[in-house]
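Hi,

Here is the structure I said I would pass on. Have a look at it first, and then read on for what turned up.

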Amino acid sequence: MKEINITELERKFQEKIDNDIKIEPNDWMPEEYRQTLIRQISQHAHSEIVGQLPEGNWVTRAPNLRRKAVLLAKIQDEAGHGLYLYSAVETLGADREQTMDDLHSGKAKYSSIFNYPALTWADMGMIGWLVDGAAIMNQVPLCRCSYGPYARAMVRVCKEESFHQRQGYEIVTQLAQGTPEQKAMAQESLDRWWWPALMMFGPSDKDSKHTAQSMKWKIKRHTNDELRQQFVDVTVPQAELIGLKVPDADLKFNEATGHYDFGDINWDEFWQVVAGHGPCNKERVAARKRAKEEGMWVREAANAYAEKRAKRKAS
Ligand code: BYC
């Protein structure tokens, strides 16, 4: 039998990556590459699904029919993103049920941002503008990720996120140009969401344990700090345009670098939220567990029907 030379396989794999040739599900890949993708893509899928919860909270209280229809469509888009991503995880040999159980047991993470509550209507605007805005900044480069199914899923996801970001900015703009009470509501919301939005990009580069290897494999195309800086540079002028103040006393445009300098992020708060101690962690996971339990009868009925059909076909 011909001996499989792992070093040679690894060399060819890295050569493909270096030449920007996509890795597809049936191609050979190092086990760590597969595990990194399963971790990142499943956590990304969980974020999309959990991300529906703060917005779902406002569907019945949207201020008019148009806003309600748009919000519903956005939430449905997030469900769709979760589904493409769970499918992408399955192409790596992971079991979908298991990845969800990992979310419910607390083994798998989801984005820290969704552990903050949506308290006012302005928060719907702020989530679209800042949270989807940050998501786009992070996900556009993922369209060039080395793993084919993830990269392709991201193309559609980014188109939809871009619509989400614009609808959020439109809500915030209208509030900022409305009555003094509406403007105050928008400012109060920005004050609460600004720092958690910056935390979405993950720990600073010096504390990020996965970035170096993920960049080598072209899973990630930019570091966490590079993307965070891009987000600040794009978003601060948007806030200024509508007369809102970013809650950072140290924020200042730096003529020498061409970028905004900004204040220190509260990393203790970030790690507390990631460890499960944020304002809404328990509520979010409980909602997902409940959804699984309450939807069990639908899956059982669908499976029973599928089995019956298969038997009828076979006979
Ligand atoms: N929250 O070494 P690092 C959305 C974890 S949803 C929680 O830098 P990596 C949307 C990290 O997992 C947006 N945990 O990791 C949906 C790692 O722990 P593990 C979701 C975080 O993977 C609905 C540890 O910290 N987007 O778009 O190289 C409505 C060390 O971090 C966070 C994605 O998931 C965090 N913020 O980089 C609206 C994009 N940050 O796993 C919008 C895909 C870090 O070793 N993911 N951790 O236990 C990524 O790009 C990367 O995974 C990250 C982190 C930049 C997030």
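Let me start with the ligand shell: helix H2 gives the most to it, with six residues. Bear in mind throughout that this is a predicted model. In total, 35 residues surround the ligand, and the closest are Lys109, Ser112, Ser208, His210 and Lys220. By type, the shell divides into 13 nonpolar, 13 polar and nine charged residues.

Which parts of the protein come within polar reach of the ligand? An N or O atom in the side chain of Gln43 is 3.1 Å from an oxygen atom of the ligand. The side chain of Gln139 also has an N or O atom 3.2 Å from a ligand oxygen. With Met200 the backbone is involved: one of its polar backbone atoms is 3.2 Å from a nitrogen atom of the ligand. On its own the ligand has 1,000 Å² of accessible area, and the protein covers 93% of that.

Now the protein as a whole. Its secondary structure comes to 13 helices and two strands. The radius of gyration is 21 Å, close to the 20 Å that the globule rule gives for 315 residues, so the protein is as compact as a globular protein of that length. Along the principal axes, the C-alpha atoms fill a box of roughly 75 × 55 × 35 Å. Of the 315 residues, 48% count as buried. The accessible surface comes to about 16,700 Å², and 55% of it belongs to carbon and sulfur atoms. If you look at contacts with a separation of 6 or more, 77% are between residues 24 or more positions apart.

Ser42 is found in helix H2. Is it buried or exposed? Its relative accessible area is 6%, so Ser42 is buried. Apart from its neighbours within four places in sequence, Ser42 is in contact with Leu37, Val89 and Thr99.

Arg284 sits in helix H12 (residues 281–294). Despite its charge, Arg284 counts as buried, at 7% relative accessibility. Beyond its neighbours within four places in sequence, Arg284 is in contact with a set of residues that includes Val50, Leu53 and Pro54, as well as Tyr110, Phe114 and Pro117. Asn115 is also in contact with Arg284; the two are 169 residues apart in sequence, yet their C-alpha atoms are 7.2 Å apart in space. One polar atom of the Arg284 side chain lies 3.2 Å from the backbone oxygen of Tyr116.

Last, the backbone. Most residues other than glycine have a negative phi. Where does this model depart from that? Asp20 has a positive phi, near 60°, and lies in the loop between helix H1 (6–18) and H2. Lys218 has a positive phi too, near 55°. Lys218 is in the loop between helix H9 (211–216) and helix H10 (224–241). With a relative accessible area of 17%, under the 20% cut-off, Lys218 is buried.

Cheers

Notes. Residues are numbered from 1 along each chain as its sequence is written. This is a predicted model: local features need pLDDT of at least 70, side-chain atom pairs count only at pLDDT 80 or more; totals for chains, interfaces and linings use all residues. Side-chain values use heavy atoms; hydrogens and water are left out. A residue is near a molecule or strand if one of its heavy atoms lies within 4 Å of it. A polar contact is a pair of N or O atoms within 3.5 Å; within protein, one must be able to donate a hydrogen and the other to accept it, and residues adjacent in sequence count only if both atoms are side-chain atoms. Accessible areas come from the Shrake-Rupley method with a 1.4 Å probe; for residues, only the protein chains shown count as cover. Helices (H or I, at least four residues) and strands (E, at least two) are DSSP runs, numbered from the N terminus. The radius of gyration is taken over C-alpha atoms; the globule rule is 2.2 Å times the number of residues to the power 0.38. Buried means under 20% relative accessible area, exposed over 50%, partly exposed in between (1.4 Å probe, protein chains only). Contact means heavy atoms within 4.5 Å.
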